[in-house]
Amino acid sequence: MVVNSFKRGIHLPTRKRATEGKPIEQVPYPKQVVIPVNQHFGAPNRSLVSVGEKVVRGQKIAEGVTPGPMTVPVHASISGTVAKIEPRTQSNNTEGLCVVIEAEGPQDREEFFPPLDPFSCTTEDALTRIREAGIIGMGGAGFPAHVKLAPPPGKHIDLIIANGAECEPYLTIDEAAMTAKSQLLIQGLAIVMKITGVNRAVIGVEENKKSIVPLIERELRLEKFAGDISIGLCRTRYPQGGEKMLITALTGREVPSGGLPMDAGCIVQNVGTLIAIAEAFYRGKPLIDRDLTVSGGACTTPKNIRAPIGACIKDMPVEFMDIDHARLVKILFGGPMMGTAVASLETPIQKNTSGIILMTREETIAEEEGPCIRCGRCIRNCSCSLSPVIMNNSLEAGDLDYAVKAGLLDCIECGGCTYMCPARIKLVQRFRVGKQRLRLRQQQAAQTAAVKK
Ligand code: SF4
Ligand code: SF4
């Protein structure tokens with residue numbers, strides 16, 4: 001089998017051994033969940049429930065303030081009573097409105113949709129089902145899945161890519177899901193192919209997961225809707241799971257600067273998203289559970305788990321999830337390269353939480369920043385062929401426009417430059433702040449323009 005890759009990138013220690021090959025274990029149902037009302041990239045949601053109201057697992061509890069394609073509803077992940085609706089700290093460290101549900105009664109009560117045959121319903125009905133099921137990209141960004149599947153007219157798509165690369169250290173949940181739910185994965189891909197009218201798809205996996213290839217191949221032979229679906233092996237190289245890198249590795253095409261995968265004729269969906277899509281049609285299930293890896297040196301029971309959205313590590317029984325609190329120095333939501341450090345084990349699991357890494361001092365880099373020694377390592381290794389050092393210098397000098405000219409908006413925030421920098425300069429952290437400043441500036445400009453009108 002040919003092994004594909006993109007240029008540049010870095011080789012990282014994978015640190016996956018603690019959970020590699022482990023099945024997905026169901027978390028015992030928690031006494032309480034804290035469900036953020038806004039978990040997607042797009043227009044804001046509002047709560048549909050009030051304090052004291054009884055809710056059932058699967059019931060819609062939040063939807064868009066105004067109707068529109070860029071909103072995705074949120075559903076109750078346990079049955080019980082709404083105890084509070086208040087701002088709480090979310091996994092991206094911002095305060096956001098959350099619905100707190102206290103568990104009550106048997107948890108097998110569910111309010112799902114009726115199953116829907118994706119091959120006989122209209123494209124509009126299929127996209128509505130994906131939206132109503134609350135499905136967003138589960139690989140991290142939280143972009144509404146139904147929007148990705150409806151590219152604007154004029155964009156010619158000829159390939160669907162299932163992203164199973166999982167290049168972040170520690171994380172093994174995509175591999176576990178592809179192993180346990182290979183049938184749902186292929187069904188999800190077939191649904192997406194039907195919706196988009198694309199007749200070719202490839203499942204991209206890194207070489208270190210090639211043991212699952214025979215399993216997927218067997219499922220492809222069994223699945224009657226499989227069509228032209230193949231497996232693309234990629235080199236184990238960070239950030240192979242970035243959409244742009246995966247497209248280049250599997251097709252040789254480049255996504256243009258400032259462009260999207262559709263500009264290279266591709267739609268990329270995370271394998272977890274495809275599984276959720278299949279469940280939404282065949283089981284009528286909204287996105288209310290999340291598969292994720294919990295690992296790191298301070299986790300004495302590392303495992304792949306399935307948790308109701310809104311659950312938190314602190315509420316999991318110690319016999320299920322044991323933490324070495326004395327050694328715990330950092331809690332990461334997501335992987336160590338692109339994840340976010342959070343302050344507390346009470347932070348709720350969200351739709352896009354692929355992992356929680358509980359790190360010890362030995363696993364973290366806490367060195368002081370030094371001056372740039374102009375070694376060029378950040379430039380040589382940037383997966384997007386940018387000049388991180390120039391972007392950083394521009395931001396340090398307060399010149400946002402020059403940073404944009406140097407490629408700030410093309411940076412995928414993979415963190416590779418920060419990892420490679422011998423001076424330990426927090427490059428990617430500055431780029432994130434720089435992008436926030438840019439967004440703020442654009443908002444202010446839009447407000448000023450609106451006032452002038
Ligand atoms: S500049 Fe951006 S894309 Fe390039 S290595 Fe750094 S974080 Fe990754
Ligand atoms: S890797 Fe670090 S020290 Fe080297 S040029 Fe880039 S910013 Fe400077």
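Predicted model: local features only at pLDDT ≥ 70, side-chain atom pairs only at ≥ 80, totals over all residues.
**View 1**

**View 2. Where domain 1 touches domain 2.** Zoom in on the contact between the two, and you'll find eleven residues of domain 1 meeting eleven residues of domain 2. On the domain 1 side, the touching residues sort into five nonpolar, four polar and two charged.

**View 3. The shell around ligand 2.** Ligand 2 has 14 residues around it, and the closest are Cys372, Cys375, Cys378, Cys421 and Ala423. Two elements each give two or more residues to this shell: helix 8 (377-381) and helix 9 (388-396). Class by class, the shell around ligand 2 comes out as eleven nonpolar residues, one polar and two charged.

**View 4. The whole protein chain, for context.** Stepping back, the protein chain carries twelve helices and 18 strands. Its radius of gyration is 22 Å, close to the 22 Å that the globule rule gives for 453 residues, so the chain is as compact as a globular protein of that length. Along the principal axes, the C-alpha atoms fill a box of roughly 60 × 60 × 50 Å.

**View 5. Packing and contacts within the chain.** Of the 453 residues in the protein chain, 47% count as buried. Now take the contacts between residues at least 6 apart in sequence: 74% of them join residues at least 24 apart.

Note on methods
Residues numbered from 1 in each chain as written. Chains lettered and ligands numbered in written order. Helix = DSSP H or I, 4+ residues; strand = E, 2+ residues; numbered from the N terminus. Rg over C-alpha atoms; globule rule 2.2 N^0.38 Å. Buried ≥ 20, exposed ≤ 12 C-beta atoms within 10 Å, placed from the backbone. Contact = placed C-beta atoms within 7 Å. Near = placed C-beta within 6 Å. Nonpolar A, V, L, I, M, F, W, Y, C, P; charged D, E, K, R; others polar.
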